[in-house]
Amino acid sequence: MIPILAQARFPAPEFENYILPQLQMETFIRDPIVWRVSALLLFLVVTGLCFYRWRSAKAMRLLALAGVAIFGFLFTACPCPVGMFQNLLAAFVHDHPLGYGLLLLFAIPLATALFFGRLFCAGACPLGAVQELLHWKSIQIPLPVDRALRLIPIALFLLIVVAVVAGMTFPLCSLDPYLPLFLWSSSISTVAFLVLGLFVSRPFCRYVCPYGVLLRLFSLVAWKTPAITVKICITCRLCEQGCPNGAVLPPEDAPTADLQVRGVRRLSRLIASLPLALCLGGLLGWYTAPIISGHHPAVRLLADIEIHQTNDAVEAFETSGTPLAQLQNEVAQVRHIFDWGMPLAGVLLAGVVMAELIAENRRRKESRSYTIDPSLCFCCGRCYAACPLNRKREPKEGAAS
Amino acid sequence: MISTRKFLRVLFGGGLLAPFLWLIGKRKSRQAAFLWQIDPDKCIQCGKCETACVLGHSAVKCVHQYAACGYCLFCSGYYQDKRIKFDTAAENLRCPTDAIKRKYIEDPYFEYTIDEEACIGCGKCVKGCAAFGNGSLFLQIRQGLCKQCNQCRIAEICPSHAVVRVPADKPYLFKRPPEVKT
């Protein structure tokens, strides 16, 4: 400790019998990251067993409870789906510290999604676990609205990538509504999301979470996917009604020749309009770029200085004695990144929208049973519980009817 | 022989993994043991630390560097600018929570101690001490209270970018002497 001061206006008096008190400054004690990584691994293995082998909805709820306790309160919301990919990006672009432990915490859920679907969301993600537990009654959101809302995380993801590259501090961290919960405090958005979560299943996971975008992508090609019933499906619709997340896909008949012709026509129209859609996306990005870059602290500071507004940031800038040219240079760089990044992000978003529309109109095989879309399934196990064929009681009667 | 569908799947999965592996390989800093701290040289005592912290009770507290203190009778960190007179009535004191404890040492010197239970990190006393005194009071993030969020909320809104990352073996930033100031 260096006992030196910034201004020496009054010399310290010389006392006769007075002992200078020593400052007691405690340091931060971090638990070894190995614990967190091994806890996550163990938890995911147990989740996988409960979901794929024992197929128990009750066990999944218990796991969510354990997830809140362990990863939420004990590790203080540690494998945080909101911050993780921002960390990786910042480590790559701006020398942000990122150890091997954090890297593993980022990679393990993605690797799991690649092989077994979104097991991470079920309980190991503290935010997902809280929403799972505090879901009371579900309101089914109409499919078109749901599909439109599902684009929000993708847009947010792209936006955040651009913002982090441009050197904004992690923009989504302040939007994370559940973090205050694990620190025993709350904010308006916490209450709002918790109340919304009572009626809409997992509002954050489905319509905000940017890490979920990655998990969705990775689980598209999942090696092992859940099947609602191991026996022959009787198409009773109970699982579709039981799923609050809209992840159960109904069976489909083989397309008739008439439908097929119409489908091909629609598909060709979609593909023909692809360049137009991409251009529109780019334009959207180009128009929003100045609005978004205006929120960058450096850009805002320069704007305030130019209109001679006095606030804390301007005052701090003036006292620090940094030359104005340096700030202008920084702002020009930030604007450059946004001017290129936002149109690119817009094109990508338009591409995703078009890819979804095209995938919707592709030729499908005839399917006779209800299936699960692994990219939307949060592995809660409700469909297992709803399926009459899975119940141990009177299995033969269910199969006969 | 694997089917076309399976082959495409593997191709898609590999294509997804590749950019991440590339990002991971190219990251620059592997050091993770960093802590958040306030640089007192940059701090302008705007008072945002008090409310911006995710903790209900901010992890930012005032620290008193006794060795730098002038032990003044009329401490400008203790008394308000608009005081009516120099006594310990609440309207004359700067601290909104009465967290600065004053103890008589010898004529005319007093020792000032921060009661950290009561301190809310508003920085009002720091501002007063820096303006008229030695600047021996300053704000620091107490590492025993701080949760080391991935992104510190205070750092996000700090107007003077005073919240910085420090290596874990030097968890506090004390003031530097005036001549070395860069």
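1. Two residues are in contact if their C-beta atoms, placed from the backbone, lie within 7 Å. In chain A, 84% of the contacts between residues at least 6 apart in sequence join residues at least 24 apart.

2. The model is predicted: local features need pLDDT of at least 70, side-chain atom pairs count only at pLDDT 80 or more, and totals for chains, interfaces and linings use all residues. Residues are numbered from 1 along each chain as its sequence is written, while chains are lettered from A and ligands numbered from 1 in the order in which they are written.

3. Chain A has 20 helices and 2 strands (DSSP runs numbered from the N terminus: helices are H or I, at least four residues, and strands are E, at least two). Along the principal axes, its C-alpha atoms fill a box of roughly 95 × 60 × 35 Å. Of its 401 residues, 37% are buried, that is, 20 or more other C-beta atoms, placed from the backbone, lie within 10 Å of the residue's own.

4. Between the chains, 57 residues of chain A are in contact with 58 residues of chain B. Elements of chain B that give two or more residues to this side are helix 1 (4-26), strand 1 (34-38), strand 3 and helix 4 (153-157). Helix 1 of chain B gives the largest share, 7 residues.

5. In chain B, strand 3 (residues 100-106) and strand 4 (residues 109-114) pair in the antiparallel sense over 6 bridges; pairing requires at least two bridges between the strands by DSSP. A hairpin through 2 residues joins strand 3 of chain B to strand 4 of chain B. Tyr104(B) has Phe110(B), in strand 4 of chain B, as its bridge partner.

Methods
Buried ≥ 20, exposed ≤ 12 C-beta atoms within 10 Å, placed from the backbone.
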